Amino acid sequence: MNEIIMSVLVMGLIAIVLAVALIISSKKFYVPENPLIEKVAALLPQANCGACGFPGCAGFAKAFVEEPVPGMRCPVASAEVLKAIGEVVGRNIAEGKPMRAVLHCNGRHSNVQKVSEYIGIRSCAAAHMLYTGDKACRYSCIGYGDCVKVCLFGAITIEDGISVFDAEKCTGCGLCVKECPRKVISLVQKRISNVRISCSSHDRGPVVRKNCKVGCIACGKCVKVCPKEAITVAPGSNLAIIDDEKCILCGKCVAECDTMHAITADGRVVKAVEIIIKKKQQEKEEKQKAAALAAAGAAGNAAAPDTKEVKS
Amino acid sequence: MALGLKTFSRGGIHVDDRKYSHESPIEMLPAPKVVVIPVSQHIGAPAKAVVAKDQAVKIGQLIAEKAGFISANVTSPVSGVVKAVEARMTPTGFKQDCIVIENDMKDEYFEAYTETAPSPELIEKFDVSGAVKAVEKAGIVGMGGAAFPTSVKLAPPPDVKIDTVILNGVECEPYLTADARIMIEDAEKIVAGLALIMKIFAGSGPVKGYIGIEANKPVAIVKMSEAAAKYKDIEVVSLALKYPQGGEKQLINAIVGREVPSGKLPSTVGCVVQNVATASAIYAAAVNNRPLIERVVTVTGLGVKKQKNLLVRFGTMFTELIDFCGGITDDSAMLICGGPMMGKALQTSEVPVTKAVSGILILNRSEANLYEEAPCIRCGRCVDVCPMGLQPGLINKVIEAGDYARLEELSLLDCIECGSCNYICAGHERLVQKIKIGKVKLQEILKARKDKEAREKANEKK
């Protein structure tokens, strides 16, 4: 019994002495820090993704409060959060458009030819260094998930050999864009939907067709149909590119690209596209009907005089 | 070491050499109907094409001119008509600009060449002042595999003094036998080439020549010794069997016992290393004004019906070589350009032979078998075998953790990617592949730092 009391007493005493020492040192060696920094840091997403260019959210908060650089912003935080931070600091934080990542490739295993068996480490960077991974197209998404590994928000999954991005979860931090060795990921504005060229191949049309069912062959049909001149095919590039700033999400190009289906859309545009395609189908059928009628009529007219002649 | 043979001091592994094609003499492959010549067959800046479509060319005519200090000319290996200048698949695994020439089968030379029997007297009398220019004109590059422009190696900065020239006849990669066959069949020319290189460097003092050959090529050693006996200061060194003895730094260490400092060239320790095939090409270019149009390629592995050594024109498709060897077997599984240790796996055999292609290796299922990757057990064998004294296991962990900046202190850029660590690894980890990624990332970091420093300097000046 005695030993227990003794040990409790000794330990307690040590605890008290240390506590006093801690209290004194915390008062004496107190480093005054701007309380705003803590508040700002608490509001930030705490993903520590580094997309702002500072070492984590705390680093950004410190820099924003103490020595702000014009234009610095958190690309991940939503507009409300940015507003709240602005209120705390009393100075508006630069507001950028919210962005999201999209993949410019639809090289699913069902679409693109498989030409070899890759048996090295499962890393896009390693496969890219060798040649084309196991797919025939050397511009395609390799699908070994280097982007999945860097994504801090769990927004990317690998489905059937390509990366699939969750628009809801994606914050547009851009880490995957930096990591991708093929450069098939880009950032676009976060809107109700998105229209993109699902291909990055600079190969010529016949080569693309040989390699992939859904590649861009740079036929230029989409360029003609776009009402805002948002789509361009740079000479020699063999690839259409949509200017996301100009795109109004009308979906006409998606419907127009009916041979290769290299332009894809998500969100609300999908429905618009369906309507456009249906309309086109109807028009086509009507035209066919009219043509058939005209042909029948012509045949009838041509046949009639003959019979008359025979009769007479 | 066994039998008291020389070898390099640090690391190294003993591999089964599998030289199946060692006994088969060099066969001449008929020139193909169409050749595809990449403009970049060497380390450094790609050459610039100087011919256009439909232009007639002859053998040895310049078709792509060197662009930059470290670069090499490309000459036409056939006479005929240029069909196209376009991007084609090359043995690097990527598409590069290539000059496609249709062969008219006339084999007309652009410039006349001579045919002289190599002898010590000939080299003694030969004026070497134009030799480096001739080598540059012929577009000769290191034919051991790295393809470093030879004219650059032969013209070091004036403050560098070369006292040792080493010919590399080691061929330590398993399977490959091209160099061994050249040494057996063309020893005189190789030794004359070495004497010529020594004479180029002789201006600044006496130069000693060595020819390093591994002990598994006894015939080559005998032939080369016979040829070398006629010359002064040339010695054939028989080396113990150990991989990667053919590495430049390892070979210097094995023969003259010098250590090339980290990040430095062999010339800092007064050495120049050339491949035996390169020496032969230097002789042909400098003395006989012959362009570099062909090389010996080993087609081997158990995935091909007959293992052979072929003398082929540059630009011949791999497919033609393989067909000449009877085609592939039913259980062939993997196509590699180069040897099994450092070669590169290819996706297609529709690629041309370039100056750096020493072998085409086709493995069958059992040879190409890869073990399942297992975790590192920290046995440290990779550290034991690393010929550069690095810690591959630790480097691998650092790369996996993404801590790329730390790779600098681990001297990653010293890695010669020989694959010894990979070979010995108890966990069968793909060490070299990860190290290659790490190298790229580290170089990015170093470049970013350099750019930043340059920017800051510029700012200070303002």
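## Exercises on a predicted model

At 8% relative accessibility, Cys170(A) counts as buried. The model behind these exercises is predicted.

**Exercise 1.** Decide whether Cys173(A) is buried or exposed, and find the loop that holds Cys173(A).

*Solution.*
Step 1. The relative accessible area of Cys173(A) is 15%.
Step 2. Buried means under 20% relative accessible area, so Cys173(A) is buried.
Step 3. Cys173(A) sits in the loop between strand 3 and helix 7 of chain A. Cys170(A) is found in the loop between strand 3 (162–165) and helix 7 (175–179) of chain A.

**Exercise 2.** List what Cys170(A) touches and what Cys173(A) touches, leaving out residues up to four places away in sequence.

*Solution.*
Step 1. For Cys170(A), the list is Met99(A), Arg100(A), Ala101(A), Ala155(A) and Lys190(A).
Step 2. For Cys173(A), the list is Cys49(A), Ala51(A), Val76(A) and Phe153(A).

**Exercise 3.** Which residues does the UniProt annotation "binding site" cover, and why can they be said to gather at one spot?

*Solution.*
Step 1. According to the unreviewed UniProt entry, the annotation covers Cys151(A), Cys170(A), Cys173(A) and Cys176(A).
Step 2. In sequence these residues span 26 residues.
Step 3. No two of their C-alpha atoms are more than 10.5 Å apart, so they gather at one spot.

**Exercise 4.** Describe the open sheet of four strands in chain B.

*Solution.*
Step 1. The strand order is 2-8-7-4, and the pairing is antiparallel.
Step 2. Strand 2 (34–38) and strand 4 (56–57) of chain B are the edge strands, as each pairs on one side only.
Step 3. Strand 7 (residues 80–89) and strand 8 (residues 95–103) of chain B pair in the antiparallel sense over nine bridges.
Step 4. Met89(B) has Lys95(B), in strand 8 of chain B, as its bridge partner.

**Exercise 5.** Which residues touch the most other members of the largest nonpolar core, and which helix gives the largest share of this core?

*Solution.*
Step 1. This core has 71 residues, and those touching the most other members are Ile211(B), Met224(B), Ile234(B), Phe318(B), Leu321(B) and Ile360(B).
Step 2. Helix 5 (residues 187–201) of chain B supplies the largest share, 11 residues.
Step 3. Take Ile360(B): apart from neighbours within four places in sequence, its contacts include Val297(B), Val299(B), Phe318(B), Leu321(B) and Leu335(B).
Step 4. There is also a second, separate core of 22 residues, with Val195(A), Ala230(A), Ile231(A) and Met260(A) among them.

Methods
Residues are numbered from 1 along each chain as its sequence is written. Chains are lettered from A and ligands numbered from 1 in the order in which they are written. This is a predicted model: local features need pLDDT of at least 70, side-chain atom pairs count only at pLDDT 80 or more; totals for chains, interfaces and linings use all residues. Side-chain values use heavy atoms; hydrogens and water are left out. Two strands pair if DSSP finds at least two bridges between them. Helices (H or I, at least four residues) and strands (E, at least two) are DSSP runs, numbered from the N terminus. A nonpolar core is a set of buried Ala, Val, Leu, Ile, Met, Phe, Trp, Tyr and Cys residues joined through side-chain atoms within 4.5 Å. Buried means under 20% relative accessible area, exposed over 50%, partly exposed in between (1.4 Å probe, protein chains only). Contact means heavy atoms within 4.5 Å. UniProt positions are given in the numbering used here, feature names are shortened, and annotations may be inferred rather than shown by experiment.
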